[in-house]
Amino acid sequence: MSSTPALTRTLKLPSLVIFGLAYLTPLIVLGIFGVIASETGGASASAYVIALLAMLFTANSYGRMAAAYPVAGSAYTYVRKTIDGRVGFLVGWATMLDYLFLPMVIWLIGGSYLQAQFPAVPMPAWILGFIVLTTILNIIGIKVADRVNLVLMSFQILVIVFFVILSIASVSGDHGAGALVSATPFTGIGATPAGIAAGAAIAAYSFLGFDAVTTLTEETVEPRRTVPKAIMLIALIGGGIFVVVAYTVQLVNPGGVFENSDAAGFEIAQHIGGNLFGAIFLAALVIAQFTSGIAAQAAGSRLLYAMGRDGVLPRKIFGKLNERFSTPVFSILAIAVVGLIAMFMDVATSTSFINFGAFIAFIMVNVSVIVYWDRQRRAGNKLNTLLYLLCPAIGVLVIGFLLTQLDVHAVVIGSIWLVIGAIILALTTKGFKHQPSQMALEELEGAN
């Protein structure tokens with residue numbers, strides 16, 4: 001029996017769903033509500049419905065690939081196994097923009113909330129506090145992080161429920177119960193199709209991370225069945241929360257005009273629940289950032305571990321698990337170090353490029369399913385054409401459209417990042433002539 005440490009299968013469906021929802025951070029719908037409502041002319045509910053439908057196509061593709069290749073690595077692994085190792089490397093490299101830097105953004109936003117309420121404490125202190133706590137929890141193990149996520153997610157959901165209840169009470173009190181049934185949150189006030197489409201592109205950002213559970217495949221019980229179910233449930237539950245919250249809050253404030261669209265959620269919280277609920281809302285936002293940071297750091301470290309184990313990143317550093325905790329400690333610490341950059345950045349700059357990598361990954365996972373379908377067809381194995389061909393094709397088109405909606409800074413930074421990855425790949429494969437190092441799928445599965 002081998003004594004080599006390995007990722008331990010302890011996660012079941014409920015834990016995966018909670019992990020994914022923590023990564024999504026359901027409360028973010030209130031954090032960016034004002035921006036979407038302003039963009040859509042008050043049709044925020046329609047924006048989230050469109051975004052949900054769009055994400056379900058890609059969620060289906062992640063589920064298909066997670067069942068076919070139940071190992072860590074997510075989009076990187078799926079593209080590598082179905083298309084080509086070199087393309088897989090570039091997709092993994094692009095995905096690192098999301099997985100590697102998203103925790104930094106999460107910690108920065110959390111620090112910004114706290115620093116605004118406690119200006120005497122410098123921002124770096126809050127950021128360092130976030131990093132230290134989440135890093136310790138992730139090093140100890142996913143099982144401990146899972147329990148913490150459960151407690152904190154429960155509080156976050158509770159605040160969302162109260163927000164919806166208070167919104168309903170406010171609308172009923174001001175306009176009567178009949179006002180609760182309205183098409184206005186879907187049609188807006190002076191909304192245009194172009195504005196709603198642009199709002200849907202922004203709303204789609206709220207779903208980033210529904211795929212993160214695929215990085216925990218090797219820590220999941222019966223992953224071929226559990227992971228696909230978790231992905232779809234996360235997208236559906238998250239999308240359902242987004243649509244319901246957007247609808248009820250839009251009833252409180254019809255249209256898209258706010259004194260400060262960036263802080264519309266906090267303004268509405270004070271309006272429907274007074275200063276006390278406003279304070280609770282802010283506390284919930286901070287806690288949401290903490291739970292999201294735990295999930296994001298865990299997912300990012302598994303991607304680095306998978307790439308390190310394959311040898312495309314230094315194997316002695318990233319491809320090893322700690323013998324005591326069976327976690328990729330160096331990969332976790334690497335993301336913690338990257339998070340320190342948040343001390344020198346602002347939210348607008350840091351969030352401008354992470355979506356580029358996510359959308360590249362979404363597109364290529366959809367393409368991977370199509371390639372997998374064709375390969376199986378040629379081998380005489382018939383797969384469901386709707387799930388393995390039509391849905392992924394629609395996913396490619398939809399995500400491709402969203403990619404075109406990113407601002408120029410995101411495209412430029414993302415493109416530069418890809419060029420750097422291509423240079424590294426060229427150097428390690430002698431001008432793209434050879435495949436990057438990799439472990440066989442059977443060996444990966446056998447190690448668990």
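**Exercises on a helix crossing and on salt bridges**

The crossing of helices α4 and α10 is right-handed. These exercises concern a predicted model, and each one is followed by a solution in steps.

**Exercise 1.** Work out how α4 and α10 are oriented to each other, and state which residues make the contact.

*Solution.* Begin with the axes: those of helix α4 (residues 44-68) and helix α10 (residues 193-203) come within 8 Å and cross at roughly 60 degrees. Next, compare this angle with the cut-offs, by which angles under 35 degrees count as roughly parallel and those from 65 to 115 as roughly perpendicular. The two helices, α4 and α10, are therefore oblique to each other. Now turn to the residues in contact, which are S46, A47, Y48, I50 and A51 on the side of α4, and I196, G199, A200 and A203 on the side of α10. Sorted by class, the contact of α4 with α10 has 7 nonpolar and 2 polar residues, and no charged residues.

**Exercise 2.** Find the salt-bridge partner of D84, and decide whether D84 is buried or exposed.

*Solution.* Start from the general idea that side chains of opposite charge can pair when their charged atoms come close. The partner of D84 is R86, and the closest N and O atoms of this salt bridge are 2.9 Å apart. For the second part, recall that buried means under 20% relative accessible area. D84 counts as buried because its relative accessibility is 16%, whereas R86, at 23%, counts as partly exposed.

**Exercise 3.** Describe the salt bridge between E222 and R225, and classify the accessibility of each residue.

*Solution.* First take the distance, which is 3.4 Å from N to O where the side chains of E222 and R225 meet. Then apply the cut-off for exposed residues, which is over 50%. R225 has a relative accessible area of 53%, so R225 is exposed, while E222, with 48%, is partly exposed.

Methods. Residues are numbered from 1 along each chain as its sequence is written. This is a predicted model: local features need pLDDT of at least 70, side-chain atom pairs count only at pLDDT 80 or more; totals for chains, interfaces and linings use all residues. Side-chain values use heavy atoms; hydrogens and water are left out. A salt bridge is a side-chain nitrogen of Lys or Arg within 4 Å of a carboxyl oxygen of Asp or Glu. Buried means under 20% relative accessible area, exposed over 50%, partly exposed in between (1.4 Å probe, protein chains only). Axes are lines fitted to C-alpha atoms, for helices over the stretch in contact, and angles run from 0 to 180 degrees between N-to-C directions. Helices (H or I, at least four residues) and strands (E, at least two) are DSSP runs, numbered from the N terminus. Angles under 35 degrees count as roughly parallel, over 145 as roughly antiparallel, 65 to 115 as roughly perpendicular and the rest as oblique. A crossing is left-handed if the near helix is turned anticlockwise from the far one by less than a right angle, and right-handed if clockwise. Contact means heavy atoms within 4.5 Å. Ala, Val, Leu, Ile, Met, Phe, Trp, Tyr, Cys and Pro count as nonpolar, Asp, Glu, Lys and Arg as charged, and the others, Gly among them, as polar.
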